[in-house]
Amino acid sequence: MAENNEFFREVDEDYRRDRFIQIWKRYNALIIAGAILLVAGVGGWNYWRHAELVRAETTSARFDTANRLAKDGKTAEAERDFAAIQADGPAGYALLARFRNAAETGKRDAAAGAAAYDALAADKGAGDALRDLARLRAALLRLDGSEADAALSQLQGMASPTGTFRHTAREMLGLTALRKGDIEGAGRWFDQIAGDNDTPQGLRQRVEIYAALVAGGAVTVTEAKPENAAPLPPITR
């Protein structure tokens with residue numbers, strides 16, 4: 001019985017070897033081509049990953065340089081470098097550069113900065129959170145201009161209980177109301193901040209100060225006239 005099993009095993013091995021030889025003779029060119037393509041594909045993928053890593057590291061250094069220029073007050077140079085990253089950098093850094101460029105533009109021209117943020121808010125590829133951030137920044141830039149009413153309306157929409165940036169929106173709405181002397185309106189916004197369990201601790205501490213201002217009521221500021229000023233101290237030698 002053992003001899004029969006050995007015989008059948010050898011016959012089976014011979015059969016499989018013959019089949020392999022036949023397949024190899026018929027398809028060896030395709031097999032070799034497939035192996036070459038596989039190796040080339042893996043090599044190409046690894047090269048692409050390496051190239052992207054180098055590109056990201058280079059862009060990161062460029063982005064840091066542009067940030068330092070902006071911090072040092074070299075706005076024109078910073079805007080130039082951010083624009084270059086926006087044009088040829090990886091998608092993530094290009095998007096960050098657009099935000100930084102909008103911020104730098106807004107420092108010298110609020111309307112132009114707001115328009116740059118509007119473009120970001122309209123970019124569906126930016127993601128919902130970043131688009132909301134762009135809307136917030138645009139509204140803040142317009143608060144003191146001719147489009148203040150539209151900015152307030154936009155902030156009110158962002159102050160909803162599910163708004164990503166509701167805390168900042170509520171704070172700015174409350175401060176704007178307080179500046180206008182609308183004590184009741186300011187109190188409502190500050191109450192919403194205080195009653196939100198997700199309010200950041202830093203903002204919660206600021207709200208305590210705001211609440212004290214609201215409790216004190218409207219403050220009337222009178223013009224300082226020379227006749228009402230305190231006398232100058234005596235000159236000592």
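Student: Which residue forms a salt bridge with Asp144?
Tutor: Arg179 does, and the closest N and O atoms are 3.1 Å apart. Keep in mind that this is a predicted model.

Student: What does that pair tie together?
Tutor: Asp144 lies in the loop between α5 and α6, while Arg179 lies in helix α7, so the bridge ties together parts 35 residues apart in sequence.

Student: Are Asp144 and Arg179 buried or exposed?
Tutor: Asp144 is exposed, and so is Arg179.

Student: Okay, what about Asp198?
Tutor: Asp198 forms a salt bridge with Arg166, at 3.3 Å between the closest N and O atoms. Asp198 sits in the loop between α8 and α9 and Arg166 in helix α7, so this pair links parts 32 residues apart in sequence.

Student: Why does Arg166 count as buried?
Tutor: Because its relative accessible area is 11%, and buried means under 20%. Asp198 has 55% relative accessibility, so Asp198 counts as exposed.

Student: How many salt bridges are there in the whole structure?
Tutor: A search finds 15. One of them joins Arg188 and Glu184, at 3.4 Å from N to O. Both residues lie in helix α8, 4 residues apart, which is about one turn of the helix.

Student: Which residues do shared partners join into one network?
Tutor: Arg166, Arg170, Asp196 and Asp198.

Student: New topic. How many helices and strands does the chain have?
Tutor: There are 9 helices and 0 strands. Buried residues make up 28% of the 237 residues.

Student: And Asn101, what does it touch?
Tutor: Glu79, Phe82, Ala83 and Gln86, leaving out residues up to four places away in sequence. Asn101 itself lies in helix α3.

How values were computed
Residues are numbered from 1 along each chain as its sequence is written. This is a predicted model: local features need pLDDT of at least 70, side-chain atom pairs count only at pLDDT 80 or more; totals for chains, interfaces and linings use all residues. Side-chain values use heavy atoms; hydrogens and water are left out. Helices (H or I, at least four residues) and strands (E, at least two) are DSSP runs, numbered from the N terminus. Buried means under 20% relative accessible area, exposed over 50%, partly exposed in between (1.4 Å probe, protein chains only). Contact means heavy atoms within 4.5 Å. A salt bridge is a side-chain nitrogen of Lys or Arg within 4 Å of a carboxyl oxygen of Asp or Glu.
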